[in-house]
Amino acid sequence: MPFSPEDGVDHPVSLYAATKKANELMSHSYSHLYGIPTTGLRFFTVYGPWGRPDMALFLFTKAILNGEPIKVFNYGKMKRDFTYIDDIVEGIIRIQAKAPQTKPDWSDTAGARSESSAPYKLFNIGNSQPVELERLICAIEAATGKKAIRDYQPIQPGDVEATFADVEDFERHIDFVPATPIEQGVQSFVDWYRAYYQNE
């Protein structure tokens, strides 16, 4: 830790991770075969308004507002590199102007794993500040004004205890790094959630 784009990811522990690797491999093939400049972005736990309803922030917020228990896996001993959606969007916009170039001198033995001889490049986009699950829950409690009912559970198969993005290469390329604090991002999400679901 932190996870670098240069780390080997050839042995994924979940189908979700395997699909991400497959996506990168297929993208590289297109880049190699057709010379299409291809940038792969590894997002780290994106959250915010209009987020996925199966993610912890969404599930926890809904349950806490309804006075229902939340399942806290690995007994709360989890860390995630939560990255606010506005930071993700800003990173995407900036990186579009930096299309990767061909690298004829690249080789398997001497080149970076995040590149190849094709116009292809991988980056992490993350807050680079892992947050403990309990801190996330406390932020939701503060934003909603309600206490969570915690149901502590063992870790789920295929899950990892922590994520942490190494974003140095990304920052060098675009002079930007995500930095929205979890409390600020959670407050924005809860405000959106309440406004969007107020009629349900």
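This is a predicted model: local features need pLDDT of at least 70, side-chain atom pairs count only at pLDDT 80 or more; totals for chains, interfaces and linings use all residues.
View 1. Start with the open space itself: the second largest pocket has a volume of about 300 Å³. Helix α1 (15–34) and strand β6 (120–125) each supply at least two lining residues, and α1 gives the most, with four. Sorted by type, the lining has eight charged, six nonpolar and three polar residues.

**View 2. The buried face of helix α3.** Look along residues 85–95 for the buried ones: D87, I88, G91 and I95. Seen down the axis of α3, these buried residues fall within an arc of 100°, so they line one face of the helix.

**View 3. W50, an exposed residue with a positive phi.** Most residues other than glycine have a negative phi. W50 has a phi near 65°, a positive value. You can find W50 in the loop between β2 and α2 (56–65). Its relative accessibility is 62%, so W50 counts as exposed, the cut-off being over 50%.

**View 4. N74, a buried residue with a positive phi.** N74 is not a glycine, yet its phi is positive, at about 55°. This residue sits in the loop between β3 (69–73) and β4 (79–80). With 12% relative accessibility, N74 is under the 20% cut-off and therefore counts as buried.

Note on methods: Residues are numbered from 1 along each chain as its sequence is written. Side-chain values use heavy atoms; hydrogens and water are left out. On a 1 Å grid over the protein atoms alone, a cavity is a set of points where a 1.4 Å probe fits but cannot get out, and a pocket is an open set with protein on both sides within 12 Å along at least five of seven lines; lining residues have an atom within 4 Å of a point. Grid points are joined across faces, edges and corners, and a volume is the space filled by probe spheres set on the points. Ala, Val, Leu, Ile, Met, Phe, Trp, Tyr, Cys and Pro count as nonpolar, Asp, Glu, Lys and Arg as charged, and the others, Gly among them, as polar. Buried means under 20% relative accessible area, exposed over 50%, partly exposed in between (1.4 Å probe, protein chains only). The arc is that of the directions from the helix axis to the C-beta atoms.
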